[in-house]
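Reader: I have the sequence and the model open side by side. Can we go through a few helices and residues?

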Amino acid sequence: MAAPGGPPGGIGVAAAAMDFSAVRTELGLPVDYPPAALAEVEQTVAQPVLTGARTDATDLPLVTVDPQGAKDLDQAVLINRRHRGYRIHYAIADVAAFVLPGGALDVEARRRGQTLYLPDGNVPLHPTRLSEDAASLLPGQVRAAVLWTIDLDSDGLPVRVDVRRALVRSVAQLDYDGVHRSLERGVAHPSIALLPEVGRLRREQAMRRGAIELGLPEQQVESDGAGGWQLVLRPRLVIEAWNAEISLLTGMCAAEMMLSAGIGVLRTVPDPEPETVAGLRRSAARLGVDWPVDLPPAVALAELDPIRPEALAVHVAATRLLRGAGYTAFGDGAPAKANHAGIGASYAHVTAPLRRLVDRYSAEVCLAVAGDRQVPGWVLEALAALPSAMGSSDRIAGQVERACIAQAQAWSLVSRVGEEFPATVLRAANGVAGEVFVADPPVIARCTGGGLGEGQQVRVRLVVADPSRREVAFEVA
């Protein structure tokens, strides 16, 4: 969950049976896979991957970059310099090599939609035998992949795109913290030594496109090491932003391929209405934030430091610019509305097929377009239903995240009712109710009391901390 600034911190909660089983039960999350689906996995994993139609790219020194401890490794990357730019090799796990169209696993994956992440364990899209083993791009293992090769010019713009099936072998499994430290010391792995250079260029291009990015730290629930849980704010490392740019670049290239062929499925967010932008400008003005009239939202937000209370409130208010996210499937020409306002371009999900259903289908469309072939029938049959399936799974993922955060907030504060805390007002309604952010532990909750104004620093008193209802509430002290 995106949450505004403040230092990492939190209060550990250690107690018996403090898990998230109630969230799983309440939301009806899947527990087991149908036996037929598990049998299919074992059958497909036991069969050798057909190599005839695959490029042997096992000589490429690809590396994966993920959160520490991740096992479902979707992407592996290699960045080289060209005479006037860069060449990016981006290998994506080829999940379609293991999933029988229309089979029991395919049906179950359509029902799940995506991997759901809970602090005490994930609810995976695919069985871990597949997602964390046979299809995962684990180091030293030859794996089936969809290999994207994207050439960029010296400004970071794509000039050539190729996508094909391949065999790849990652040479190292890296994590964000380790890469961050290695870049600081100047000893980055050679396969990603150019990532800062390319990442900065792509960030500059994002600003030119008008990409609206809030860049807020994440409010997370983590183990406290003593059998309980703690709330932390995890600021996004710059390496994560640079790494994400490679994925975004690939998704934009995929979208262009789909639009040119008139078939595919896009991730869309409508451009904000002028009145919505004007309303955000008025909010910024009330908070004393300087926003020159000729400065677009993307640039204005990028220049604000969300640690400042008034800027923090503007960042939170800016979420209204990115409403209406959805998926758009098409098969008879490009759709009228194909943009993603958060990216400032058309975009398609293709880089996380182990964790998200739609990526497997999008990859097949791109492979067919690149190879001048017909899109497979099983993809055509599924396209129209994908927006609904993904929309439903996105809603469940959001509910899971909010419920886990709310549960951890209540656990963290249950013994502190009556205490006072410094807080920042994020939202206010009629000056008597709103939402505040408390930095330690990092909590966002409702607040009542007179004189609330967005961006204000106030002292609040904790009046409710109820784990059974996952409820936390403050009042102005």
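Reader: How many residues has helix α2, and what span does it reach from its first C-alpha to its last?
Author: This is a predicted model. Helix α2 covers residues 35-46, which makes twelve residues. At 1.5 Å a residue, 16 Å is expected. The computed span is close to that, at 17 Å.

Reader: Where do the buried residues of α2 fall, seen down its axis?
Author: The buried residues are Ala-37, Glu-40, Val-41, Thr-44 and Val-45. Seen down the axis of α2, they fall within an arc of 125°, so they line one face of the helix.

Reader: Which residues are exposed on the other side of α2?
Author: Buried residues of α2 include Ala-37 and Val-41. The other side of the helix has exposed residues. They are Pro-35 and Ala-46.

Reader: What covers the buried residues of α2?
Author: Glu-40 and Thr-44 are among those buried residues. The cover includes two helices, at 104-112 and 128-134. These are α3 and α4.

Reader: Is Ser-182 buried or exposed?
Author: Ser-182 lies in helix α5, residues 176-185. Its relative accessibility is 10%. The cut-off for buried is under 20%. Ser-182 therefore counts as buried.

Reader: Which residues does Ser-182 touch, not counting those up to four places away in sequence?
Author: Ser-182 sits in α5. With those sequence neighbours left out, it touches Val-187 and Ala-188.

Reader: Is Ala-285 buried or exposed?
Author: Ala-285 is found in helix α8, residues 274-286. Its relative accessible area is 54%. Over 50% counts as exposed. So Ala-285 is exposed.

How values were computed. Residues are numbered from 1 along each chain as its sequence is written. This is a predicted model: local features need pLDDT of at least 70, side-chain atom pairs count only at pLDDT 80 or more; totals for chains, interfaces and linings use all residues. Side-chain values use heavy atoms; hydrogens and water are left out. Helices (H or I, at least four residues) and strands (E, at least two) are DSSP runs, numbered from the N terminus. The expected span of a helix is 1.5 Å times one less than its number of residues. Buried means under 20% relative accessible area, exposed over 50%, partly exposed in between (1.4 Å probe, protein chains only). The arc is that of the directions from the helix axis to the C-beta atoms. Contact means heavy atoms within 4.5 Å.
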